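Subject: Structure handover

Hello,

Here is the structure for you to look through. My notes on what was found in it follow below.

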Amino acid sequence: MPVLLAPEQAPTLQTLLAEANVAGLDCIPVETKDKVQPRIRGLGSLLSAGPDEISFLSNPRMQAQLPQSGAAVVILTPTAFETLKAESYTFLPVLCSEPYLMYALLAQWFDRHRINSLPAGIHESAVIAPTAQIEPGVAIGPHCVIEDGVRIGRGTRLGPGCIIGANSILGADCLLHGRVTLYHHVVVGDRAILHSGCVLGADGFGFAPDPRQESGAWAKIAQIGGVVLGNDVEIGANTTVDRGAIDNTIIGNGVKLDNQIMIGHNCQIGDHTAMAACVGVAGSTIIGKRCSIGGAAMLSGHLNLADDVNVSGGTAITSSISHPGRYTGVYPYAEHIQWQRNAAVLPQLATLRRRIRALEKQES
Amino acid sequence: MPVLLAPEQAPTLQTLLAEANVAGLDCIPVETKDKVQPRIRGLGSLLSAGPDEISFLSNPRMQAQLPQSGAAVVILTPTAFETLKAESYTFLPVLCSEPYLMYALLAQWFDRHRINSLPAGIHESAVIAPTAQIEPGVAIGPHCVIEDGVRIGRGTRLGPGCIIGANSILGADCLLHGRVTLYHHVVVGDRAILHSGCVLGADGFGFAPDPRQESGAWAKIAQIGGVVLGNDVEIGANTTVDRGAIDNTIIGNGVKLDNQIMIGHNCQIGDHTAMAACVGVAGSTIIGKRCSIGGAAMLSGHLNLADDVNVSGGTAITSSISHPGRYTGVYPYAEHIQWQRNAAVLPQLATLRRRIRALEKQES
Amino acid sequence: MPVLLAPEQAPTLQTLLAEANVAGLDCIPVETKDKVQPRIRGLGSLLSAGPDEISFLSNPRMQAQLPQSGAAVVILTPTAFETLKAESYTFLPVLCSEPYLMYALLAQWFDRHRINSLPAGIHESAVIAPTAQIEPGVAIGPHCVIEDGVRIGRGTRLGPGCIIGANSILGADCLLHGRVTLYHHVVVGDRAILHSGCVLGADGFGFAPDPRQESGAWAKIAQIGGVVLGNDVEIGANTTVDRGAIDNTIIGNGVKLDNQIMIGHNCQIGDHTAMAACVGVAGSTIIGKRCSIGGAAMLSGHLNLADDVNVSGGTAITSSISHPGRYTGVYPYAEHIQWQRNAAVLPQLATLRRRIRALEKQES
């Protein structure tokens, strides 16, 4: 459950909206004149928010919960407010054309104002190479290791135990949670969020058969490319992005990768593409902008996916996709015995088609 | 191979049974009067155990191996012992109604009595916030980081390099192997076993489209919920459990998660549910008690699974399941050419059904 | 992009070939008498390599790019050189019967000669048990932890934050990148490359039902086996190899595992088998030599795979395979609506087969 701010630290609604809001989002509190400006100690869902919390309604299917909300304030669309009007309610409504986005911004505000677990400054146990260039306002947690030639931009914060390999570059205002590893020669843009256990720049998987050794033996293809991340990228916990074989692996601006994703060497991922957890992308595949890849989907190597492609969770993409749209390939589950009965017919599909053709010929 | 205890450290059978056994498990050594009480230096399988080791028979299909066992002692059911009697054997039989459970308890005993790699006490290189509350008997390994407001219960042991984020709570008698990360505000019950590289409390994957930015850009939804684990939970290596968006992600008592599992934000997993490796559970899915989820299965978000549901490995569950039972959805593999031939018919299934209908109409 | 060496550090072609080449690979520079021996500052692909870089042609489909290459030197087969001859080109050709292998060896040379991010010697922040045996020439990075009874062979290098559990053994000339975890009693052969976040020796997933506790509760089966890796093994980032229940988990010589692979307890993997990322192998499965397992494939437990088996990516192997060959089982993806239409027929396959049979009977 979200932690409530102490009453003396809680902002008024006015302050909260002023500080969370940014240009272009209009949020209009209704009926403020009759009410004392409430202090907002936290943010909750419609039914869980208490009398000193703010909540929101973005999904119209939740409209029925609205009158019962015990929140101090609820953000909602003018339409939802119209629907509500006949009913009694106790919260202060705030009208906003984008309540879901407003919720995102409010949650960011509360997240920023909790106890900040990242230390300011550079912890004495961090090991920092003399040739590293650390800009002002950088925070480096305990037991971090910053190797030769690293550059870290203004305002970037590193949790405990991060390793930044030689000659890697972190932009400004990045947040690295604990235990992030960057190998050497990895470039990260501004405002990245990298989660614990993610590894950027490990070797891509490349081997050449070596006939001079015993049958089947491999010679390693050293991976001498790098990894380049654009700005505003988020990388989930235990996700891995491999370095390129010769050229770089490239992650575009605004790309969001969930946990335990694997991006093979020399992939290129277009701006604002989002991938849910456990996706695997084999080497050299190029994915367009604004794609969404569902959880546990798998993409073969050396493919091209157009912009705005949506891959369903659990789907194996084995060939290039040149048109936007939604693509799926998931075996429908069933009770085990039913599945067994029907799956047994799969190896006969080509035969069945032939038998149907034969029947059709006899008919005609 | 399990390491044998030095002879002088090895327990007698009597001591071993007394210390490993717990109320309710009856284990009766047979014919002890004729034999010297053997000292037991280790535990092995029927065929690998030597003359100073204990073994067990739980799977009736292994009965044929029983007479050849060179073990000093074998735990077996009275039924297996009856079957054995006609044959000659050299071990000392111990009758037990639950030999597999007895094996589990004996293995625990030997595991406890090996060289304990976790240091007692708090290593001088650990960085511990002054506001952290550490109960007596806690062991904290080298290079751990314990942040503000953390509480760690009596007898809990942390391997090297663990990070416990601000205000998180660890119960009593937990075992954290090296390099475990807890983010802030994560609650772990008593007797948890957390394996290396697991991450509890990273941000759930939540973004709101932000029309104020360039097309396709996302605003982060800060994840202000937490993670709460019950008692007796085991979490595998490199498994990730994300924190809730607003409310908590909840892992019930006795839940066992294998390696490289991903639990999305706001999931709830019922007591004693077990998941094999590489499972992915998308956000807000609720799983009942005593479920078993096979390896690499994938569950979509916002589903409800009843108690006692068994999902086969590799199955994608895309809708809620309201009845106990076994559910499967796996494409049967075949030699590549055969697969290719039959898979090519899949995109014509609806057409084939229509053609069958047409033929049936002509017939009638 | 690969970093170029400073001109004064760049080798001549002669030096490079002499140092990278090893017995049995013939590489013959053509027409060297007319040309100044170029200095080679880096290695690039045919189209990206500049006038002080070396490149190669191994895939005949790239032949058309060859004349345009701006590289100083190109490694190619005599056949490719014959094909080229009619065209004009600016690079120095080097004939080699195995250009792909030669590329692998050249890339290794450049990788060795970049700034070496791993420190020589033992960093003062490393915590090393007095009973550990460290051979000469071992490098141990900051914040490593080497526990009791560990042995580390000559020339092995450990990046920052590695943990080597009690009584584990690392062979000679291994390279452990940062944040590798070995639990206790793990044995690694010579020349291993272990990537960041991999975990060797975590507990296998084993539990016995415990009827003495509440319904569904599990007793842990302590995992008292170990893990043994042969020589020349590479393990990818965040891959996990569990320790055996009683006997060892065994990884053969020359095995190559990509990132985020999971190897269950008591598996045995034959020499030179290679697995792409995200593969899961359940416990006690035995895989032959020289197998290749495609990305995100899944193997059930207790199976046997013959030597030289090739499993396609995304395939679930649920039974043993006794013959070499390629095996596949992937649901073909399609546009979502088409998939939906055809997938809806899958639960009727057995019925459809019956209806076809009925029609056939009526016909005859």
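In this predicted model, 27 residue pairs are in polar contact across the interface of chain C and chain A, counting pairs with both residues at pLDDT 80 or more. Several elements of chain C each supply at least two residues of the side that touches chain A. Among them are three helices: helix 3 (99-112), helix 4 (336-343) and helix 5 (349-363). Strand 25 (256-257), strand 28 (274-275) and strand 37 (334-335) of chain C are also on that list. Sorted by class, this side of chain C has 39 nonpolar, 23 polar and 14 charged residues.

The rule also finds two salt bridges across the interface of chain C and chain A. One of them joins the side chains of C:Glu234 and A:Lys220, at 2.8 Å from N to O.

How many residues of chain C are in contact with chain A? The number is 76, and they touch 82 residues of chain A. The area buried between chain C and chain A is about 6,300 Å². Carbon and sulfur atoms give 62% of that area.

Strand 37 of chain C and strand 36 (residues 325-328) of chain A run in the antiparallel sense and pair over two bridges.

Next, the relation between the copies.

Chain C is superposed on chain A by a rotation of 120° with 0.0 Å of shift along its axis, and the RMSD is 0.1 Å. Why are the surfaces through which these copies meet called different? Only 18% of the interface residues of chain C are also interface residues in chain A, so the surfaces are different.

Last, a sheet within chain A. It is an open sheet of five strands in the order 1-5-4-3-2, with mixed pairing. Strand 1 (27-29) and strand 2 (42-43) are the edge strands, and each pairs on one side only. Strand 1 pairs with strand 5 (residues 92-96) of chain A in the antiparallel sense, over three bridges. There, A:Pro29 stands opposite A:Val94 of strand 5.

Regards

Key: Residues numbered from 1 in each chain as written. Chains lettered and ligands numbered in written order. Predicted model: local features only at pLDDT ≥ 70, side-chain atom pairs only at ≥ 80, totals over all residues. Heavy atoms only, no water. Contact = heavy atoms within 4.5 Å. Buried area = accessible area lost by both parts, 1.4 Å probe. Salt bridge = Lys/Arg side-chain N within 4 Å of Asp/Glu carboxyl O. Polar contact = N/O pair within 3.5 Å; in protein donor to acceptor, adjacent residues only side chain to side chain. Helix = DSSP H or I, 4+ residues; strand = E, 2+ residues; numbered from the N terminus. Nonpolar A, V, L, I, M, F, W, Y, C, P; charged D, E, K, R; others polar. Pairing = 2+ DSSP bridges. Least-squares fit on C-alpha atoms with pLDDT ≥ 70 in both.
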